[in-house]
Amino acid sequence: MAKNMREKSARIEELRDKRPKAIAKHVRISPYKVRIVLDIIRGKGYKEAVAILENTPKSASEPIKKVIMSAAANAEHNLGLNKDNLYVAEAYADQGPTLKRVNPVSKGRAYRILKRTSHITVVLDAKA
């Protein structure tokens, strides 16, 4: 039994993605709004992506910039890669838990307000 578990964990480790990545969870911006900014930077180099995010007038650009910089720091510290050779290989935003609020309206009714959250994931890779 223990031998099978060791072999299984070795197989999982062997198949694991070795690229540097960073994840920001429970960011209080709708994933629809985050995906607009992610589409702009996907496939760009690290420095170019950071420059684009600094000059993009969207609220999602600040948390995305933090995630990209964290992924680059992970690449530099954990894998010994140079930041100049990195590019954004994958960038996506998944939906997180939704905060449900109520807005009172006329005649005793209540309208529901959905405050959406995002899980932002950025995967970098070294240029070949």
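Predicted model: local features only at pLDDT ≥ 70, side-chain atom pairs only at ≥ 80, totals over all residues.
1. **Salt bridges overall.** The structure holds 6 salt bridges.

2. **Arg19 and Glu90.** Their side chains meet in a salt bridge, at 2.5 Å from N to O. Arg19 sits in the loop between α1 (2–15) and β1 (21–27), and Glu90 sits in strand β2, so the bridge ties together parts 71 residues apart in sequence. Arg19 is partly exposed, at 25% relative accessible area. Glu90 is also partly exposed, at 32%.

3. **Lys47 and Asp84.** This salt bridge spans 3.5 Å, N to O. It links distant parts of the chain: Lys47 belongs to helix α3, Asp84 to the loop between α4 and β2, and they are 37 residues apart. Lys47 is exposed, with 57% relative accessibility. Asp84 is partly exposed, at 44%.

4. **Lys83 and Glu76.** Here the closest N and O atoms of the salt bridge are 3.8 Å apart. Lys83 is partly exposed at 25%, and Glu76 is partly exposed at 41%.

5. **Helix α3.** Which residues of α3 (residues 46–54) are buried? They are Tyr46, Ala49, Val50 and Leu53. These four cover an arc of only 100° around the axis, so they lie on the same side of α3. They pack against α2 (31–41), α4 (61–78) and β2 (86–95).

6. **The largest pocket.** Its volume is about 180 Å³. Arg19 returns here as one of the lining residues, which also include Arg16, Asp17, Lys18, Asn74 and Leu79. By type, the lining divides into 5 charged, 2 polar and 2 nonpolar residues.

Note on methods
Residues numbered from 1 in each chain as written. Heavy atoms only, no water. 1 Å grid on protein atoms, 1.4 Å probe; cavity = no way out; pocket = protein on both sides within 12 Å on 5 of 7 lines; lining within 4 Å. Points joined across faces, edges and corners; volume = space filled by probe spheres on them. Nonpolar A, V, L, I, M, F, W, Y, C, P; charged D, E, K, R; others polar. Buried < 20%, exposed > 50% of the residue type's maximum accessible area, 1.4 Å probe, protein only. Helix = DSSP H or I, 4+ residues; strand = E, 2+ residues; numbered from the N terminus. Arc of directions from axis to C-beta. Contact = heavy atoms within 4.5 Å. Salt bridge = Lys/Arg side-chain N within 4 Å of Asp/Glu carboxyl O.
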